[in-house]
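Morning, everyone. Please take a look at the model on the screen.

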Amino acid sequence: MLYLLVVWSTLAIIAWGAIPASPGLAPLVVVALALYVTVPLFVFMRRGFGWRAYPTAAFRLYVVRPILYTQLLLPIVTISAVLGLLVGAMAGAARAGGQIAAAIALVVSGVLLLAGWRGSRSLVVRDVEAFVPSLPAAFDGFRIVQVSDLHLGPQTSRRFLADVTNSIRGLSADLITVTGDLIDDRVEDTGLFVAWLDSLGAPPHGVYLIPGNHDVYAGWASVRVALERDSSAHVLVNESQLLTRGGAALALVGLGDPAARRASPRGEQGNSAAPDVPRAFSAVPAGVSVVAFAHNPALWPSVAERGAALTLSGHTHWGQFALPRLGWSLASPFLEHAMGAYQDGEALLYVHPGTGFWGIPFRLGALPEVTVVTLRQGASASLLVGATRAA
């Protein structure tokens, strides 16, 4: 109820400033907006942070998304209006100061949101070279195409998804991996993901999938059944797969996700997808180079201790807002390994910025990416991260 009071009072302040010529209309507008953005949220919270019925594309676009935009804009506009009131009061024009500050905040936020929407559709390709001293000569030049955090659902732009498909198909991948958050919170979204997998074609060494936290929230057991029943992709959860090429071997290791250490919001136990690093590496032959897939980069230290030469992660989205030249993103204050390349001894990590988005379509400085990771023999371990190019 406190939240509802904040929403209603904030909208009242905005309406008071924006509709001064129509005092009879302002209260109706305030009530309508407040109900529209709070009643569905209240229902969502009352039902254990979930929708009883499957949220269609229209529902996600015209109900869920306005709620999310509201949650983002309310504190910005409210703080701006209060500061404007205080500054205006010093000049004897408190109301005008509040109105001007709120209007500026709305305009600036609107421009940023529009730029972020544009960014969420601006697919790029990045080349990353991973130099691995122990890499067999037969795997020198081996190309792994990584996508991550697609969050596929009915709200996903079909045109954007086609761009991702066409980009991948033009990259001559030896192997494709999707490092978690395949779908957007509902098991029903798996059908769209499987259809997208079918559009990729079959690279020589296949397609590999691991779960992310949102796949766990959707109910990982059911998601995995659908993936293995309806697609030819390899699902790796705390297990390894040995690739052979020219008489040499390379091990792929897929990890579960930490979100599965507790029950999913829908009551399904997710322990089968919880990370188990010793088990994941148990079948890896001694002396074989390892490429690991771990959705959450927080797993990297334990994976590196087990000898993984290269770990490919996602999860962070780079906060969907980043300043790459400064090595900073919205995720940086919360995560030790938030974006880009990291190295610890001979262990390498690349944290993918994500290919889709979660919540609102917003990306600035962290554009949706398809990454081409080329394995190279090298005297010492290193990651060479190239600039992005338009897909």
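Is Trp 328 buried, exposed or partly exposed? Trp 328 is partly exposed, at 32% relative accessibility. Buried means under 20% relative accessible area, exposed over 50%, and partly exposed in between, with a 1.4 Å probe and protein chains only.

Some ground rules. This is a predicted model: local features need pLDDT of at least 70, side-chain atom pairs count only at pLDDT 80 or more, and totals for chains, interfaces and linings use all residues. Residues are numbered from 1 along each chain as its sequence is written, and side-chain values use heavy atoms, without hydrogens and water.

Now the aromatics. Rings of Phe, Tyr and Trp (its six-membered ring) pair if their centres lie within 6.5 Å; planes under 30 degrees apart are stacked, over 60 edge-to-face, the rest tilted. That rule gives six aromatic pairs. In one of them, Phe 44 and Trp 51, the centres are 5.0 Å apart and the planes stand at 50°, so the pair is tilted. Phe 321 and Trp 328 sit with centres 6.4 Å apart and planes at 80°, so they are edge-to-face. Phe 321 is partly exposed, at 27%. One aromatic cluster is formed by Phe 44, Phe 49, Trp 51 and Phe 59.

Next, Ser 80. It lies in helix 3, residues 57–90. Helices are DSSP runs of H or I, at least four residues, numbered from the N terminus. Ser 80 is buried, with a relative accessible area of 19%. Setting aside neighbours within four places in sequence, Ser 80 is in contact (heavy atoms within 4.5 Å) with Ala 101 and Ala 105.

Note on methods
Helices (H or I, at least four residues) and strands (E, at least two) are DSSP runs, numbered from the N terminus.
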